[in-house]
Amino acid sequence: MGTEVTLGGAGRSGRGYLSEPHLPGPGVVVVHDAYGLLPHVRQRFVALAVDLFDGRVAGTAEEAERLTDGLDVPRARGLLATAATQLLARPKVRPQRVGAVGFGLGGRIALLTATTGALDAIVAFSAILAPFERSLVPCP
């Protein structure tokens, strides 16, 4: 069971869903795909799931494409970095490390965020970066 949280910071406010285990462990930022922060994402992970679409979700591929086309990528990257910082501040995040798991669009945003050094590890499913977006990812 988790709780809705606000991600804060100058120009980086947003929403997320936090789920914490009873015992301490490393933090994970979960980044949804183009369909949004659907219920299965909330129920599957012990982590902070970032909501890139501010509560909007897609029911069809066309709706997902519209959400993706309207995404403010710099803001999304900022939300992930803010989520990682806020997760590191949680007392149960031990050791002090945060990784990210991203799916589709979320994997791309997680890879872009990882190039800044804001993450300790990354897993990106069904995600690639365009040639002009590629840069060194300094974590596993």
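Helix H4 (residues 105-114) is largely enclosed by the rest of the structure, because nine of its 10 residues are buried; buried denotes a relative accessible area under 20%, exposed over 50%, and partly exposed the range in between (1.4 Å probe, protein chains only). The structure is a predicted model, in which local features need pLDDT of at least 70 and side-chain atom pairs count only at pLDDT 80 or more, while totals for chains, interfaces and linings use all residues. Residues are numbered from 1 along each chain as its sequence is written, and side-chain values use heavy atoms, with hydrogens and water left out. Helices (H or I, at least four residues) and strands (E, at least two) are DSSP runs, numbered from the N terminus.

The buried residues of H4 are Leu105, Gly106, Gly107, Ile109, Ala110, Leu111, Leu112, Thr113 and Ala114. Their packing partners include three strands, namely E3 (25-31), E5 (93-103) and E6 (121-125). Helices H2 and H3 (73-88) also pack against the buried residues of H4, where contact means heavy atoms within 4.5 Å.

Arg108, also in helix H4, is partly exposed at 23% relative accessibility. The side chain of Arg108 forms a salt bridge with that of Glu133, with an N to O distance of 2.4 Å; a salt bridge is defined as a side-chain nitrogen of Lys or Arg within 4 Å of a carboxyl oxygen of Asp or Glu. Glu133 lies in the segment after E6, so the pair ties together parts that are 25 residues apart in sequence. In contrast to Arg108, which is partly exposed, Glu133 counts as buried, at 13% relative accessibility.

A search of the whole structure finds four salt bridges. Side chains of opposite charge can pair when their charged atoms come close. One of the bridges joins Asp51 and Arg15, at 3.8 Å from N to O. Because Asp51 lies in strand E4 (residues 48-51) and Arg15 in strand E2 (residues 14-19), this pair ties together parts that are 36 residues apart in sequence. Asp51 is buried, with a relative accessible area of 2%, whereas Arg15 is partly exposed, with a value of 36%.

Another salt bridge is formed by the side chains of Glu20 and Arg90, with an N to O distance of 2.9 Å. This pair links distant parts of the chain, 70 residues apart: Glu20 is in the loop between E2 and E3, and Arg90 in the loop between H3 and E5. Glu20 is partly exposed, with a relative accessible area of 33%, and Arg90 is partly exposed with an area of 30%. Pro21 is likewise placed in the loop between E2 and E3 and is partly exposed, with a relative accessible area of 33%. The C-alpha atoms of Pro21 and Val101 are separated by 17 Å, and the two residues are 80 residues apart along the chain.

On the surface, Glu62, Glu63, Glu65 and Asp69 gather in a patch of negative charge. Patches are made of residues with over 30% relative accessible area and no salt bridge, like charges being joined within 9 Å and nonpolar side chains (Val, Leu, Ile, Met, Phe, Trp, Tyr) within 5 Å.

A cis peptide bond, with omega about 0°, joins Arg94 and Pro95; Pro95 is in strand E5. Asp54, in the loop between E4 and H2, has a phi near 50°, a positive value in a residue other than glycine. Asp54 is partly exposed, with a relative accessible area of 35%. A positive phi of about 50° also occurs at Ser126, although Ser126 is not a glycine. Ser126 is in the segment after E6 and counts as exposed, at 73% relative accessibility.

Arg134 is found in the segment after E6 and counts as exposed, at 53% relative accessibility. The C-alpha atoms of Arg134 and Thr115 are 8.5 Å apart in space, and the two residues are 19 residues apart in sequence.

Conventions
Accessible areas come from the Shrake-Rupley method with a 1.4 Å probe; for residues, only the protein chains shown count as cover. Lys and Arg count as positive and Asp and Glu as negative; His and the chain ends are not counted. The place of a charge is taken as NZ of Lys, CZ of Arg, CG of Asp or CD of Glu.
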